[in-house]
Amino acid sequence: MVVGERKPIAEIKEMVRPYKKILVAGCETCTAESMSGGRKQVAELAAALEMAFRLEGKEMEILEISVDRQCIHEFLLDIVDQTAEVEAVVSIACGAGIQSVAERLPGKPVYPGLNTMFIGETSGAGIWQERCQGCGDCVLGITGGLCPVTRCAKGLLNGPCGGSQGGKCEVSMTLKCDVPCVWAMIYERLSQLGELDRLAIYQPPKDWRAGGFTGPRQLVRRNV
Ligand code: SF4
Ligand code: SF4
């Protein structure tokens, strides 16, 4: 899923300061799961903005909506309907969802209420960790299902580096927290699978063109 973190209220407040009536729009899929953009966070953001403006003596009318997915245009009809009566929209979906809303509303300002962080997993209560950079050429099949592109601080395809100590990445010292060395994890995992011989196979430099470094990517399926 896409993990997001809500922007500071002060930043959102400055974006919507010119308006008197706005819509806060949430997304019930990824950003709801990362507790930054679902129905509950829509209500929290609307209440916080209303209060912040009231303290300045300004009444801001805020409508609320949350749809299943803002990144799919079919789900945006309810948002489009509601925007007829507002001056601007704050979306707390991921960057893709925000852009989909903006595309559907050519004459209406649409602002981001959160920062899109990464593709990750929910690792525990209140913990989300990055797991994929969408590199377009997945190597999980040769690394035991653990992503070195994302989880190795150097993105090494032939690890570990000389800084790996006791299963920890060398950035543990600079970050002053325990960051596992993913290459130590890959070693353990391949050892469990009886596939340690994979580590002897040299991985050539990756072709990063599939990772979107040559422009925006698109996927077209002609048979759909
Ligand atoms: S190798 Fe690429 S596609 Fe596979 S998990 Fe890592 S970043 Fe994502
Ligand atoms: S210690 Fe491990 S995870 Fe950290 S940079 Fe080196 S190989 Fe990558």
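Visitor: Which residue stands opposite valine 2 in E6?

Guide: This is a predicted model: local features need pLDDT of at least 70, side-chain atom pairs count only at pLDDT 80 or more, and totals for chains, interfaces and linings use all residues. Residues are numbered from 1 along each chain as its sequence is written, and chains are lettered from A and ligands numbered from 1 in the order written. Strands are DSSP runs (E, at least two residues), numbered from the N terminus. E1 and E6 (residues 114-124) pair antiparallel over 5 bridges; strands pair if DSSP finds at least two bridges between them. Opposite valine 2 stands isoleucine 119.

Visitor: Which strands stand at the edges of the sheet?

Guide: The open sheet has 3 strands, in the order E1-E6-E7, with antiparallel pairing. Each edge strand has a single partner, so one side of each lacks a neighbour in the sheet. The edges are E1 (2-6) and E7 (127-132).

Visitor: How far apart do the C-alpha centres of domain 1 and domain 2 lie?

Guide: Bounds come from an automatic or database domain assignment. Domain 1 spans 2-118 and domain 2 spans 138-209. Their C-alpha centres are separated by 38 Å.

Visitor: How many charged residues does the shell around ligand 1 have?

Guide: A residue counts as near if its C-beta atom, placed from the backbone, lies within 6 Å. Cys132, Cys135, Cys138 and Cys147 are among those surrounding ligand 1. Ala, Val, Leu, Ile, Met, Phe, Trp, Tyr, Cys and Pro count as nonpolar, Asp, Glu, Lys and Arg as charged, the others as polar. The shell has 7 nonpolar and 3 polar residues; charged: none.

How values were computed
Helices (H or I, at least four residues) and strands (E, at least two) are DSSP runs, numbered from the N terminus.
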